[in-house]
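Trainee: I've got a structure to go through and I'd like to learn how to read it. Can we take it one question at a time?

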Amino acid sequence: LADRTRIETDWSCPRKRYWLTEYRGTGIVPATAPTPLTFGLVVHAGIEGGLKEPNPLQDDVQLLAMQAHPAWGDLTPDQQDCADAVVRGFFMAVWPQWLAQYDPMAVEEEFTMTVEDVTFMVRPDLLLKDKQTGDIWYPDFKTFTSHFDARKWTWSLQQHLTMLVCEHALGTPLAGSWIQGLGKGSGRK
């Protein structure tokens with residue numbers, strides 16, 4: 001089994017990939033994740049929870065999804081408020097615009113592709129189908145602080161591998177992908 005994390009970790013340090021993914025059959029991970037990763041995971045949970053509901057701002061479904069994530073308690077109250085604001089902002093400002101143009105096709109659905117006995121697994125955040133053209137698009141959510149460098153995503157293994165596997169699984173090409181940046185501001189003391 002191969003996925004983006006295993007591949008990119010192996011590129012940087014094969015020993016690290018072994019410890020994280022293969023040691024004793026499952027690998028071992030640090031006891032606590034870095035705060036930016038924890039924040040991103042919580043925001044991602046809130047967006048995923050909201051995407052699966054017809055009205056994501058009703059009954060605080062996105063907040064409940066964030067609070068149910070195991071990393072929620074690792075965030076400070078200020079970080080929790082910020083995560084809530086980022087997710088609510090997305091559903092208030094961006095999501096209605098997307099729904100005017102696209103129909104959601106898949107939310108966090110797993111797709112696989114096997115090449116030469118290696119199975120690649122991806123789980124795109126979201127797949128959208130253009131209402132006019134039928135084109136399929138892959139937006140990917142990323143939290144960021146005060147500076148967002150979109151150029152690095154042009155060559156991102158995550159984007160390319162996800163598109164390739166989705167195209168294979170769906171049997172049709174994707175029109176493209178984009179990074180939906182979710183600004184969280186700076187966290188200066």
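This is a predicted model: local features need pLDDT of at least 70, side-chain atom pairs count only at pLDDT 80 or more; totals for chains, interfaces and linings use all residues.

Trainee: Are glutamate 110 and arginine 123 buried, partly exposed or exposed?

Mentor: Buried means under 20% relative accessible area and exposed means over 50%. Glutamate 110 has 41%, and arginine 123 has 45%. Those values fall in between, so glutamate 110 and arginine 123 both count as partly exposed.

Trainee: How many salt bridges does a search of the whole structure find?

Mentor: Side chains of opposite charge can pair when their charged atoms come close. The one between glutamate 110 and arginine 123 is an example. Searching the whole structure gives a total of 8.

Trainee: Which residues are linked with Arg17 in a network of salt bridges?

Mentor: Take the pairs in turn. Aspartate 10 bridges to arginine 17, with the closest N and O atoms 2.8 Å apart. Arginine 17 also bridges to glutamate 22, and there the closest N and O atoms are 2.3 Å apart. That makes a network in which Arg17 is linked with Asp10 and Glu22.

Trainee: How do aspartate 10, arginine 17 and glutamate 22 count, buried or partly exposed?

Mentor: The cut-off for buried is under 20%. Aspartate 10 is at 28%, so it's partly exposed, and glutamate 22 is partly exposed too, with 39%. Arginine 17 has 19%, so arginine 17 counts as buried.

Trainee: Lysine 184 has no salt bridge, so what is the nearest side chain of opposite charge, and how far away is it?

Mentor: Lysine 184 lies in the segment after strand S6 (176-183), and it's buried. Leaving aside neighbours within four places in sequence, its contacts include Pro36, Phe39, Cys82 and Phe144. A salt bridge needs the nitrogen and oxygen within 4 Å.

Trainee: Let's go inside. Which element gives the largest share of the largest nonpolar core?

Mentor: That core has 23 residues, and Ile47, Leu51 and Phe90 have the most contacts inside it. The elements giving two or more residues are H3, H4, H5, strand S1 (102-107) and strand S4 (126-130). The largest share is 7 residues, and it comes from H5.

Trainee: Which helices do the buried residues of H4 pack against?

Mentor: Helix H4 covers residues 61-68, and its buried residues are Val61, Gln62, Leu63 and Met66. They pack against helix H3 (35-51) and helix H5 (77-101).

Trainee: And on the surface, what is the accessible area of the nonpolar patch with Tyr18 in it?

Mentor: Tyrosine 18 is in helix H2 (residues 14-22). With a relative accessible area of 34%, tyrosine 18 is partly exposed. Tyr18 forms the patch with Trp19 and Ile28, and together they have about 280 Å².

Definitions and conventions. Residues are numbered from 1 along each chain as its sequence is written. Side-chain values use heavy atoms; hydrogens and water are left out. Helices (H or I, at least four residues) and strands (E, at least two) are DSSP runs, numbered from the N terminus. Buried means under 20% relative accessible area, exposed over 50%, partly exposed in between (1.4 Å probe, protein chains only). Lys and Arg count as positive and Asp and Glu as negative; His and the chain ends are not counted. Contact means heavy atoms within 4.5 Å. Patches are made of residues with over 30% relative accessible area and no salt bridge: like charges are joined within 9 Å, nonpolar side chains (Val, Leu, Ile, Met, Phe, Trp, Tyr) within 5 Å. Accessible areas come from the Shrake-Rupley method with a 1.4 Å probe; for residues, only the protein chains shown count as cover. A nonpolar core is a set of buried Ala, Val, Leu, Ile, Met, Phe, Trp, Tyr and Cys residues joined through side-chain atoms within 4.5 Å.
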